[in-house]
Amino acid sequence: MAESHGGAKATGAHTEADGGHHGGGFPPFESSTFASQLVSLAIAFVALYLIVSRFALPRVGGAIEARQNKIEGDLAEAQKLKDQSEAALKAYEGELASARARAQAIGNESREKANAQAEAERKALEEQLAAKLAEAEKTIASTRTTAMSNVRGIAADAAGTIVQQLTGVVPDAASVNAAVDASLKG
């Protein structure tokens with residue numbers, strides 16, 4: 001090991017760079033290179049400006065314009081769809097009003113038909129009842145006539161019997177009938 005230490009000293013290995021020191025500090029702050037740095041800066045600025053203005057800005061401007069066109073297109077499409085939906089809503093409301101009107105007309109027509117049918121049935125029933133009433137009146141009139149003819153006979157018999165009971169004499173039938181007829185006439 002002693003040999004390896006000694007050999008390092010013999011070869012004279014350095015870790016420092018030989019190249020001399022310029023004697024200043026940080027190179028950008030040295031006044032001797034200041035003019036060349038300004039020229040380099042101006043060239044870099046012009047090159048950067050040209051690259052940005054020729055390539056980057058048109059791409060960004062194109063992207064902004066494309067985005068603006070897309071937004072305007074989307075807004076136009078949304079307005080178109082809104083107009084279509086409003087038109088569809090108006091058409092729907094019109095159809096709904098038309099359907100309601102048709103339903104009301106159908107309901108009125110059905111009600112009128114039902115009323116007409118009920119009126120026809122009522123008239124037929126009234127005619128049947130009127131016919132039955134007329135027949136009943138005829139029956140009553142004939143029954144009354146029959147009863148009245150029987151009443152006259154009964155009244156004549158009763159009058160004859162009463163006169164016989166009161167007077168003890170049997171009255172003749174003609175005088176009893178004349179008296180009953182006079183009484184019935186009033």
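Local features were taken at pLDDT of at least 70 and side-chain atom pairs at pLDDT 80 or more, whereas totals for chains, interfaces and linings use all residues. Residues are numbered from 1 along each chain as its sequence is written, and side-chain values use heavy atoms, with hydrogens and water left out.

The chain contains three helices and zero strands. Its pattern along the sequence is α-α-α. Helices (H or I, at least four residues) and strands (E, at least two) are DSSP runs, numbered from the N terminus. Helix α2 covers residues 34-167. Helix α1 covers residues 2-11.

The chain averages 84. Of its residues, 87% score at least 70. The mean is lowest in helix α1, at 48, and highest in α2, at 91. Over residues 6-10, pLDDT stays under 50. For this stretch the model has one contact beyond four places in sequence, a contact being heavy atoms within 4.5 Å. Where pLDDT is low, the predicted coordinates should not be read in detail.

Accessible areas come from the Shrake-Rupley method with a 1.4 Å probe; for residues, only the protein chains shown count as cover. The chain exposes about 16100 Å². Carbon and sulfur atoms supply 63% of that area. Buried residues make up 2% of the 186 residues. Buried means under 20% relative accessible area, exposed over 50%, and partly exposed in between (1.4 Å probe, protein chains only).

The structure holds five salt bridges. A salt bridge is a side-chain nitrogen of Lys or Arg within 4 Å of a carboxyl oxygen of Asp or Glu. One of the five links Glu109 to Lys113, with the closest N and O atoms 3.4 Å apart. Both residues lie in helix α2, four residues apart, about one turn of the helix. Glu109 is partly exposed, at 42% relative accessibility. Lys113 is exposed, at 53%.

Arg122 takes part in two further pairings. With Glu119, the closest N and O atoms are 2.0 Å apart. With Glu126, the N to O distance is 2.3 Å. Glu119 and Arg122 are three residues apart in helix α2, so about one helical turn separates them. Arg122 and Glu126 are four residues apart in helix α2, and therefore also about one helical turn from each other. Shared partners join Glu119, Arg122 and Glu126 into one salt-bridge network. Relative accessible area is 31% for Glu119, which is partly exposed. Arg122 is partly exposed at 37%. Glu126 is partly exposed at 41%.

A nonpolar surface patch is formed by Phe45, Val46, Tyr49 and Leu50. Together these residues have about 430 Å² of accessible area. Patches are made of residues with over 30% relative accessible area and no salt bridge; like charges are joined within 9 Å, and nonpolar side chains (Val, Leu, Ile, Met, Phe, Trp, Tyr) within 5 Å. Tyr49 is found in helix α2. Tyr49 counts as exposed because its relative accessible area is 53%.

Key:
pLDDT is the predictor's confidence in each residue, from 0 to 100.
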